[in-house]
Amino acid sequence: MHGLEVRNLVKKYQNTLVVDDISFQVADGEFFVLLGPSGGGKSTILRLISGLEAPDAGQVFMSGRDITTATPRERNLGMVFQDYGIYPNMNVFDNIAYGLQARKMGRAEIEKRIKITADKLGLAEYLPKLAIDLSGGEQQRVALARAMVKDADTYLFDEPLANLDPKLRYRARRDIQSLHRQKQKPSIYVTHDQSEAFAMADRIAVIAKGRLQQVGTPDEILQSPANTFMARFIGTPPMNVLEGECVYEDDRYQVKVADLRFSLDPTWKHVLQATDASHLLVGLNPAAFIPAWELADYPDAMVHHAQIEDVEPLIGEVVLTLRLTDGSYLRVLCEDSGVALPEVGHIFAFALDEARICLFDILTEKALQPAF
Ligand SMILES: Nc1ncnc2c1ncn2[C@@H]1O[C@H](COP(=O)(O)OP(=O)(O)OP(=O)(O)O)[C@@H](O)[C@H]1O
């Protein structure tokens, strides 16, 4: 097998389980993002892959070879970390050359590679300068150059853009993706920034409390959260998770949330017959609502009403918080209509794209799956 695999990795610090039985595979050419809240265990997983720390259990494989006990150098990794690991009193050329010299590469080959990489990253004029005299963004590019000059078997990135301003982040993101495409190796990228994860990832693994919550493409993660943690974590604003009840009336399954009733697709039938559907958790994606000003385009949609509790304008979008009859709140994300914003206290008319309803078991909080 090509690519990288971690199998049942476990790591404890002073009896606290920080990495709890984590397994995943990353194919050659795949950009794989570890996303999750701070302290969840993402960086520890990267350190276990890099060999900077040893796992208490589990294995790491590269191209099918067990490298769990190999030294970091034997693993042949390209690494870009948040603190960049730059030697401040060396010039930029020597910083980039360091790993190649350690591998006993010839001077002419080192110079050739550094020239190509420095040109690509706009670093040519900085090569003679001391690293300490560079800005944060320039140092970040040096760290990237150091990973790029190598022909590594896997590339690891640990929040490499955390210290950059938004404009530089955008450019650095493009540089990292271009490096990845050129190398066609597995890349594993740690971030707690969802927009970064969704912009860059082929697949995302969400890690929280040391556990793998879900692995999937950005679309799978967004549309089909595996549990209520995922539903409440992903998205701005995240999914509404409300208590509800399923009823079978008028020849169809319907889900009731406060005084709202939504029709469920027949693909839910088997789940609802097998589960205690009288009480479950209902996931309503804020982006799945049809606002008042678009209802004319959906003449068959079931129209609901609720009072507006809060209006939060964003760039080109608006988040409305609606108060339901049982006192719970529903957040709705709408494209800005271009006319006057709805007002707090007014009654808002809306419909729901019912195909996007998610249901969760109230005890396990795991997603229920419709049968297609
Ligand atoms: N060397 C260590 N000794 C003891 N505890 C540690 C050590 N390294 C990490 N931890 C703890 O392990 C947990 C996971 O840390 P880790 O840095 O892997 O999380 P993370 O998801 O990368 O967080 P962040 O996004 O903040 O970097 C944290 O509770 C952290 O305090």
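Mentor: Two residues are in contact if their C-beta atoms, placed from the backbone, lie within 7 Å. Keep that in hand as we look at this predicted model.

Trainee: What share of the contacts between residues at least 6 apart in sequence join residues at least 24 apart?

Mentor: In the protein chain, that share is 66%.

Trainee: How do you know which residues count as buried, and what percentage of the chain do they make up?

Mentor: A residue is buried if 20 or more other C-beta atoms lie within 10 Å of its own. Of the 372 residues in the protein chain, 37% count as buried.

Trainee: Now the sheet. What makes strand 1 and strand 2 a pair?

Mentor: Good one! Two strands pair if DSSP finds at least two bridges between them. Eight bridges join strand 1 (residues 4–13) to strand 2, so the two strands pair, and they run antiparallel. Within this pairing, Leu9 stands opposite Ile22 in strand 2.

Trainee: What makes Lys42 the charged residue in the shell around the ligand?

Mentor: Lys counts as charged, along with Asp, Glu and Arg. The residues around the ligand include Lys42, Tyr13, Val18 and His192. The shell divides into two nonpolar, eight polar and one charged, and its largest share, three residues, comes from helix 1 (residues 42–50).

Conventions
Residues numbered from 1 in each chain as written. Predicted model: local features only at pLDDT ≥ 70, side-chain atom pairs only at ≥ 80, totals over all residues. Helix = DSSP H or I, 4+ residues; strand = E, 2+ residues; numbered from the N terminus. Near = placed C-beta within 6 Å. Buried ≥ 20, exposed ≤ 12 C-beta atoms within 10 Å, placed from the backbone.
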